[in-house]
Amino acid sequence: MLATIETTAETTASAPSSGFIDFNPELVRRYLNCQCFSLNHNLADHPLFALPRLVELAKNTAQQRPECVHFDVGASSVGQRWDQTSASEWPVDETIRRIKTAAAWIVIRQAHLDPGYSDVLQACLEELLQNCDPDLKKQIKSTEAIIFITSPNRLTTYHIDRECNFLLQVRGEKTMYVFDRNDREILPEEEIERFWSVDNNAAVYKPQYQDRAFPFLLKPGNGLHIPINSPHWLQNGNDISISLNINLQFHERVAGNLYRANYVLRRMGITPARPGRSRVRDAIKARLATAVNATPHSVKEALKHLLR
């Protein structure tokens, strides 16, 4: 599951001599969106990630794009759903000012729409493209910079993501626990199907399998690549944590379409083959993923044997 056996991300690379991120071309080309691998960067002292600048960014984002700001307080367990966590009593900028004691988790999406953060995102992407398979650029549909600001000792609860991402630790320390996305005791097919279809919080934490997690201690200057659908949760250290997430979304979300199709089939009372078992069936499912939901009942019945 992991490209390296180290559990502290800082052990796998020295600080980059130039640019923002130290990408290892061999790791990137072999493991991108397949396995986790660690890396180092030099964004820890960048002025864009100082708290006063982040207060400004958060306030502007909340005013201009309120859907791009999420913040809550007081997550108490690893398996807690996001909709079970309390909202902050303060606006986001004031929550950041109180971040040391607020027990808050703050997410600022599309930070790159601010020109300064756009420059950082573009520079990081250029460095990635210089070290990856030449075809990667054609596969990327969109990119995004997300900033996480977390109170001391706060949990980030268990979840999976749709995006392929690079998490870069800028301030503070936290431990990320990453699980093997191919372990179906940890992440059953049904949970992945629900995630891609109806429920962003469909992945369910199973404490009996916690010992299967790979812990990564992230310190300022460390980073970790996390493939799509890799289950993980985080425990913040004793200081404020600031992290930059570089997200990649690909043109072909074939796996997502297959899981959507399987979700529909399962609701129709059949147990579908998991993605990867049959190229022919996968191709049909991918094309019909959207159409199946709107297909009349009689046609659905005819499709059962074809898509099973």
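In the predicted model, the backbone nitrogen of N33 lies 2.9 Å from a polar atom of the H225 side chain. H225 is located in strand β11. This residue is buried, since its relative accessible area is 0%, and the cut-off for burial is under 20%. Leaving aside residues up to four places away in sequence, H225 touches Y31, L32, N33, Q35, C36 and F37, together with C164, N165 and F166.

Strand β11 pairs with two strands described here. With strand β2, residues 37-41, the pairing is antiparallel and runs over four bridges; in this pairing S38 stands opposite L224 of β11. With strand β8, β11 (residues 222-226) likewise pairs in the antiparallel sense over four bridges, β8 being formed by residues 164-171. Here L168 stands opposite G223 of β11.

These pairings belong to an open sheet of nine strands, in the order β1-β2-β11-β8-β13-β6-β5-β3-β4, with antiparallel pairing. The edges are formed by β1 (21-22) and β4 (86-87), each of which pairs on one side only. In total, the protein chain has nine helices and 13 strands. Of its 308 residues, 54% count as buried. Among contacts between residues at least 6 apart in sequence, 82% join residues at least 24 apart.

Strand β13, which spans residues 241-250, contains N245. N245 is buried because its relative accessible area is 6%, below the 20% limit. The side chains of N245 and N247 are joined by a polar contact of 2.7 Å. Outside the four places on either side in sequence, N245 touches E144, A145, I146 and F148, as well as N165, F166 and L167.

Nonpolar side chains tend to be buried together in soluble globular proteins. In this model, the largest nonpolar core has 67 residues, and those with the most contacts inside it are F49, I147, I149, F166 and L244. Helix α4, residues 115-130, supplies the largest share of this core, namely six residues. A second, separate core has 13 residues, including C36, F148, L218 and L234. L244 touches L43, F49, V120, A145, I146 and I147, and also F166, L167, L168 and V170, when residues up to four places away in sequence are not counted.

The buried residues of α4 are Y117, V120, L121, C124, L125, E127 and L128. Viewed down the helix axis, these buried residues fall within an arc of 160 degrees, and they therefore line one face of α4. The face turned away from the buried side carries the exposed residues P115, D119 and Q130. At the start of α4, a side-chain oxygen of D114 reaches to within 3.0 Å of the backbone nitrogen of G116.

In contrast to the buried positions H225 and N245, E89 is exposed, because its relative accessible area is 68% and the cut-off for exposure is over 50%. E89 is found in the loop between β4 and α3 (92-97). The C-alpha atoms of E89 and A102 are separated by 9.8 Å, the two residues being 13 residues apart along the chain.

Methods
Residues are numbered from 1 along each chain as its sequence is written. This is a predicted model: local features need pLDDT of at least 70, side-chain atom pairs count only at pLDDT 80 or more; totals for chains, interfaces and linings use all residues. Side-chain values use heavy atoms; hydrogens and water are left out. Two strands pair if DSSP finds at least two bridges between them. Buried means under 20% relative accessible area, exposed over 50%, partly exposed in between (1.4 Å probe, protein chains only). A polar contact is a pair of N or O atoms within 3.5 Å; within protein, one must be able to donate a hydrogen and the other to accept it, and residues adjacent in sequence count only if both atoms are side-chain atoms. Contact means heavy atoms within 4.5 Å. A nonpolar core is a set of buried Ala, Val, Leu, Ile, Met, Phe, Trp, Tyr and Cys residues joined through side-chain atoms within 4.5 Å. The arc is that of the directions from the helix axis to the C-beta atoms.
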